[in-house]
Amino acid sequence: MKNTFSQAMAWLHTWAGLVIGWLLFVIFVGGTIACFDKELTHWMQPALHGKTPVANIDLSRTIEGLQRIAKPHPHAYYVTLPSERSPALQSAVYYDAGPHDAINIDTSTGQAIPETAGGEFFFTLHYNLHSETWGMYIVGIAGMFMLIAILTGIVIHKRIFKDFFTFRPASGGQRAWLDGHNLTGVLGLPFHLMIAYTGVAIFVANYMPAGLLAAYDGDVEKFYVEASDSYERPETHQPLKSIYPIDKLIADARERLGQPISWVSVHHPDDTSATISFGGDHSRAVAWNFDQVFYDANDGKLLHESGAFKSGYKTYTFLGGLHMAQWGGSALRWLYFVLGLAGCVMIASGMQVWVAKRAKKVAEAGAWSGYGLVQALNLGVVGGMPLASAAMLIANRLIPATMAERASWEIGVFCAVWILASLYAAIPAVRSRGWGHFFAINAVACGLIPLVNLATSPQSHVFATIARGDWALAGVDLTALALCAGFAWFAQHSFAKARQPASVRTGRGRAARGDAVVDDTALADH
Amino acid sequence: MLWLGFSLGVAAWCLLSLGLEKHHQQLFAHAFDPRRGRWLRALGWGLLVLDFALFVAGWGWSQGPVFWCAALMLSALAWTLLMTLAPRASTRIAIASVLSALVLMPVWMG
């Protein structure tokens, strides 16, 4: 009985992991980068670098700017004040459906800054793949698969304590990949479990809507307003004469909330039902900070102060905050970032175990199977996504600031590089040459980020930012250099392995020796 | 502070793994003594608890445990890689990291 049970669990772990692994890898890379989404957005706005944001901001003027660009029937205006992590004044118009319109302003000049996909691109990618509702459901399914893979992984790992500290990279092939998978999986287990569980839990109302729809008779909006102690009033369809001067309210809002104001929003801004609300940021406690005050946009009278949250909602905000890591400062973000990288290694090495385990059998049988597809997908996704991300950062510096639809071009570069990398990985000759090649390309791309930055942006490159003590910006370049070194090390390791005589090698790596030598010298040139 | 917490974690995992025959042999030539192994493991657990107290003292009850947990996962990974890639220097590096954190402590506190 026990035998069949653990075999069943092993089967489930293998196939649940493989089927969802590539998608999970994309989600993990996106989420890991999104630990520093605001810092990355700032890095991608070189127009702001070296400038100090102005402390006094004319909010009414900012709202007027939004009124000028708003399409008919806006749902809400949002303005986020400059902060240490995001020095731009961010403002946007949201609609009931469709994409929002945004303007980011340099407060030192009052000018709009060139648009960029920013770190937000990776943040959005990791929770909905830029595909709205459908993407969110797909990511949710991936998260649930990950929970299955984690639990079955614990069940089938018979030496979980005995092999707690065990890593044998020298043994090569399947053994080395499996050790790497087990090591990052077991030692990072609390993080993986937490991040998968809270990630799914954030969208619980969307993933499991049955109870909610029954209790609220299908009115989801009403549930949210009640649960988050928010305030919403129905539209009157009477035009609002003018929005009450927001700057007059901000001192009162700060006092009522007892914390610095980080954003202001105007709901139903064209209607007499319009409200003005203020809130703070999430930096002070683990749980999300949803304390808000609401004022009537007609006359500035106080309508509602939120704060009476029930314990269920408090639990929800705690789980969400635990996932998002907006508290604890950059120290916690670094811990999450490195743990996220460990998660990426866990997923990638797990899929490589699948390949390594079957390498011998496939080589002997010589028959066509899904083996080549898995191998190509491993290379294309695991090798291609970091490459595409690096290309996007390089594109940010090379696309002219005046170009229309600049953010779309950045995303276009990301997609194009990834597609090319995947096609390249699908060529049988490239595929069988394996990882060294892709590691080397990634090392070059990561190394290019600080170099292109140095060549194009006098206020942004690593020497200028370190001289100013602007470590958030310097951190992006330095992290790119660290990734470059890491990829180069892996590449060299793979090439060294491929050069060994076939009798010494175990597992995969049927690379032609001549090719590997050529690659290695090519790497040495860079 | 984070560096001290992290390096204490490395030291704790170091003691815990040296308390096991398999890893003791990986690092040292002399024979494994089971009684000494028990002591090393007990010390390792003690350090983990001390580390928890340190993080709670530094970050409070709601944030401290999360920091502690994250730092422990990374220090375990760091120690395992260190033990595998640089077995000879590993214990000395672990001791040096704790000492460097203690030496730098007054700089951060002041």
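Before we start, residues are numbered from 1 along each chain as its sequence is written, while chains are lettered from A and ligands numbered from 1 in the order in which they are written. Because the model is predicted, local features need pLDDT of at least 70 and side-chain atom pairs count only at pLDDT 80 or more, whereas totals for chains, interfaces and linings use all residues.

**Chain A as a whole**

Chain A holds 20 helices and 8 strands. Here helices (H or I, at least four residues) and strands (E, at least two) are DSSP runs, numbered from the N terminus. The radius of gyration of chain A is 26 Å, close to the 24 Å from the globule rule for 526 residues, so chain A is as compact as a globular protein of that length. That radius is taken over C-alpha atoms, and the globule rule is 2.2 Å times the number of residues to the power 0.38. Of the 526 residues, 40% count as buried. A residue is buried if 20 or more other C-beta atoms lie within 10 Å of its own, exposed if 12 or fewer, and partly exposed in between, with C-beta atoms placed from the backbone.

Chain A is divided into two domains, with bounds that come from an automatic or database domain assignment:

| Domain of chain A | Residues |
|---|---|
| Domain 1 | 51–113 + 229–308 |
| Domain 2 | 387–526 |

The centres of domain 1 and domain 2, taken over C-alpha atoms, are separated by 41 Å.

**The cores**

What lies between these domains? The largest nonpolar core has 128 residues, and those touching the most other members are Phe25(A), Ala388(A), Ala391(A), Cys446(A), Ala70(B), Met73(B) and Leu74(B). Helix α3 (residues 34–85) of chain B supplies the largest share of this core, 17 residues. Domain 1 and domain 2 of chain A both give residues to this core, so it lies between them. A nonpolar core is a set of buried Ala, Val, Leu, Ile, Met, Phe, Trp, Tyr and Cys residues joined through C-beta atoms within 7 Å. Another core, of 20 residues, lies apart from it and includes Val79(A), Val264(A), Ala274(A) and Phe294(A).

Leaving aside neighbours within four places in sequence, Ala391(A) is in contact with Val413(A), Phe414(A), Val417(A) and Ala445(A). Being in contact means that the C-beta atoms of two residues, placed from the backbone, lie within 7 Å.

Among the buried residues of α5(A) are Val139(A), Phe145(A) and Met146(A).

Strands β7 (residues 292–296) and β8 (residues 302–305) of chain A pair in the antiparallel sense over 3 bridges; pairing requires that DSSP finds at least two bridges between two strands. Val293(A) has Glu305(A) in β8(A) as its bridge partner. The two strands form a hairpin with 5 residues between them, and Gly300(A) in the turn has a positive phi of about 80°.
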